[in-house]
Amino acid sequence: MKKNLYISCMAAALCLAAPTAANAQEETVDGWHVETLIPANPDAAWDYAETAPGEEGYGSAQVPMRPSWMCFVASKANQELWIGTAGKGIYRADLVNKNFKKVFDNDFGYESMTFFSFSADGDTLFLGGFDAGMKYAVRDMDGNMGELQDYAQNNNPYGAVQNPVNKCVYTSTWAGKLDHLNGTYDEASNLYTAQNVFNFNDPAYGTEGIACNKPAMVFHPQGLYMNILDNMSGMFVYRVNASDYSPELSGFQTLAGSETGYADGKGTAAQFSGDLKYGVFVLNKARYDNYEDDYYDFIVSDTGNNRLRKIDPEGNVTTFAGNGEPDTADGDYVDLKQCPLKYPTVVAYDEGTESVYFVDQAGLRSITPAQVVNGISDINADKATKKSGCYTISGQKVEKPSQKGLYIKDGRKIVVR
C-alpha cells in the first residue's frame, strides 16, 4: 500500500473537534517518518525468510542484512521492491499486498545476481549474470515476471542498465569497461554482441590513472547522464553524459569523492567511507518548481559512515540521513541527521510518495515525508488513534465515519477502510 496517509470520510460527513488552547499552540513542521517494514535476519548476512502462506502482512519474512542491489518498481499490478542477494537469488517485496517472496534462484554462481535494473516502464528486468552473461526477463499481461533469458554474448558483465530515453542497454565489466548492447545481432546465437563504448584507465576517455573495476551504473531518469559508483574503492562517484539518439557516452568527470573519511562538500572536497555501495536518483521539488533542466539529486548509501548522503547535480554533497552511530531507531524526525542507521547498503526511491527505502542491519526500512506535530508525525498519530476511531491530522482530530470509500479533503487522499 502506498505511504499516502489514509483516513476517511466525505467532507459532509467529517466531524472536526473544536479547537482547544492546547492544539492552537501546536507546532507543525515538515519532517520524516522512519519505519522498519521487514526485519533483517539477525544470524546471517545473506539469508532470508519468505512470507509463509496464510500469514498476514509480511508475516515472518526476513531480508538479508547485506543485499547486493535493490530497485523500486511501479509495475502495472503493484508497487514493488526487488532485492538481490549474493548467491541466493532475487526477491520481491510487494508493498501493496505486503509479502516477501523469491522470484529467481541463483543458478549461475556466487556473484551472478549482484547488479540488476528495470526498464523505465517496469516491465523488463536486466541482469548482469557475470560468467553467465547478460540476462533479461519480461512481464506477461497479468504483471507476472517471465523466465530469465539470454540477451547478449558473454562479456562478464558486472551490471546492466537501460537509458530511459533512447532505450540503449549498457553493461559494465569487472575490468572497468562499459559496453552497449544495441549493436550487432547474431542470428545464429539469437544474441546481441557487446560493443565497447567507454573505458576506465584509458586516456582516450579522459580516465587515465582512474581504475574502477566494479562500476555500478545508475541512469538519470531523464536520460541526461549516467552516474557510476566505484564499488571497488568505495570513495568516488563518477559521471558520463549520455545521448538521446545514440549509445555514445562522453564528458567524463569525477562528480564527488576524494579520500576515505567523512566530509560534506563540493566535488573532491567530499569524503566517503570507502564502503560506498549503491545510489538512486530522487526528485528535488524545489528545482522542479523552478523549471531547472536537471531536477534530480542522487542519494548514495555510505555504509561505513552509517549514513545516506545526497549529491546534487553540481556535485554538492550533504548528509541526507544518519548521525554516524551504528544503531537503529524508528520514529519521527524533523532532522534525519539525528536518525541512527546501522551500515545501510542498498537504497531505492518511490517518486510517487517521495519515500526512500533502504536496507541496514535492522532490515528493510522506509523514510517517508510527514507532518510532525509536537514531535509526532501524522503517520504515527494515525496509527496510534485508529483503534479509538479518531485520527489526528496536523493537530486536528477527525472522527472516523462508518461509511467506507475514497474521498478528498484539503488535497489529501482520504480512505475509509
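**Aromatic rings in a predicted model**

Phe198, Phe200, Tyr205, Phe236, Tyr238 and Phe252 form one aromatic cluster. The model is predicted, so local features need pLDDT of at least 70, side-chain atom pairs count only at pLDDT 80 or more, and totals for chains, interfaces and linings use all residues. Residues are numbered from 1 along each chain as its sequence is written, and side-chain values use heavy atoms, with hydrogens and water left out.

Q: How many aromatic pairs are there by the rule used here?
A: The count comes to 21 aromatic pairs. Rings of Phe, Tyr and Trp (its six-membered ring) pair if their centres lie within 6.5 Å; planes under 30 degrees apart count as stacked, over 60 as edge-to-face and the rest as tilted.

Q: Why is the pair of Phe200 and Tyr238 called tilted?
A: The ring centres of Phe200 and Tyr238 are 5.4 Å apart and the planes stand at 50 degrees, so the pair is tilted. This pair links distant parts of the chain, 38 residues apart: Phe200 lies in the loop between β15 and β16, and Tyr238 in strand β18 (strands are DSSP runs of E, at least two residues, numbered from the N terminus).

Q: What makes the pair of Phe236 and Tyr238 stacked?
A: The centres of the Phe236 and Tyr238 rings are 5.8 Å apart with planes at 10 degrees, so this pair is stacked. Both Phe236 and Tyr238 are buried, where buried means under 20% relative accessible area (1.4 Å probe, protein chains only).

Conventions: Helices (H or I, at least four residues) and strands (E, at least two) are DSSP runs, numbered from the N terminus. Buried means under 20% relative accessible area, exposed over 50%, partly exposed in between (1.4 Å probe, protein chains only).
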